[in-house]
Amino acid sequence: RLNGFLTDHGYVPPTLERLFPFLLGQQTLTFLFYVIILDFADYWRHRLSHIFDWWYALHALHHAQTQMTFWSDDRNHLLDELMSFAWFLAVGLLIGVPPLQFPLLILLLKFLESLSHANTRVRFGWLGERLLISPRFHRAHHGLLAAGQRSCNFGAVLPWWDMLFGTADFAHEFVRTGDPAAEAALVRGSWAAQQAAGVRRLLRISAARAA
């Protein structure tokens, strides 16, 4: 609907096929290009959520998890989720992702991102871990010593952006996870308590900056 609304009002987003004619008729290759672009955008969304303290006040719920699981990627504050969705939606519209492909792209990216949160010692080897993020690589991002702005390994699916922008750390092994600064409600509280704790933390930071 948004894509149709924008088209009706004169905005026709550029398509990859128009920018790169060699992609015409190469649907699988074009799909992979969209994966790469969306993953690049998500790297910066994730990194910004650690740079801005007001955003990390919400994102801290995700890092408060001390026991990683395949479902840890879905342990987020509702406001953080809404911002992530809006970010993906804006990038998808900007680069002209076909509306019918968008759900498939999200499904693939979210599955691989969930896999990287699994509580397993699986590693992909020296070369494999530089092609696709493994649970070991992403676990370092959730390490106790890598909370907040000190974190590393921000990538969701591809480690290329961490390698390119100097945030990759391949040295860590099976580290302990969690955020030592997280209050008890973020760690063990109910869903409602976690949401409320995130909002309180956001309001405290906002009040401190306004003072």
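Reply: Helices are DSSP runs of H or I with at least four residues, and strands are runs of E with at least two, numbered from the N terminus. Axes are lines fitted to C-alpha atoms, for helices over the stretch in contact, and angles run from 0 to 180 degrees between N-to-C directions. The model here is predicted, so that local features need pLDDT of at least 70 and side-chain atom pairs count only at pLDDT 80 or more, while totals for chains, interfaces and linings use all residues. Residues are numbered from 1 along each chain as its sequence is written, and side-chain values use heavy atoms, with hydrogens and water left out.

Me: What confidence does the protein average?

Reply: pLDDT is the predictor's confidence in each residue, from 0 to 100. The protein averages 89, and 99% of the residues score at least 70. Helix α1 (residues 2-8) has the lowest confidence, with a mean of 78, and helix α9 (residues 160-164) the highest, at 97.

Me: At what angle do the axes of α3 and α4 cross?

Reply: Angles under 35 degrees count as roughly parallel, over 145 as roughly antiparallel, 65 to 115 as roughly perpendicular and the rest as oblique. Helix α3 (residues 27-51) and helix α4 (residues 53-63) have axes that cross at roughly 110° and come within 6 Å. The two helices are therefore roughly perpendicular. Contact means heavy atoms within 4.5 Å; α3 contributes Arg-45, His-46, Leu-48, Ser-49, His-50 and Ile-51, and α4 contributes Asp-53, Trp-55, Tyr-56, His-59 and His-63.

Me: Is His-59 buried or exposed?

Reply: Buried means under 20% relative accessible area, exposed over 50%, and partly exposed in between (1.4 Å probe, protein chains only). His-59 counts as buried because its relative accessibility is 4%. Leaving aside neighbours within four places in sequence, His-59 is in contact with His-46, Ser-49, His-50 and Asp-80.

Me: Which residues touch the most other members of the largest nonpolar core?

Reply: In soluble globular proteins, nonpolar side chains tend to be buried together. A nonpolar core is a set of buried Ala, Val, Leu, Ile, Met, Phe, Trp, Tyr and Cys residues joined through side-chain atoms within 4.5 Å. In the largest one, of 20 residues, they are Tyr-34, Leu-38, Val-97, Leu-105 and Leu-109. Two or more residues come from each of α3, α5 (78-94) and α6 (102-116), and α3 gives the most, with six. Apart from this core lies another of eight residues, among them Leu-61, Ala-182, Ala-185 and Leu-186.
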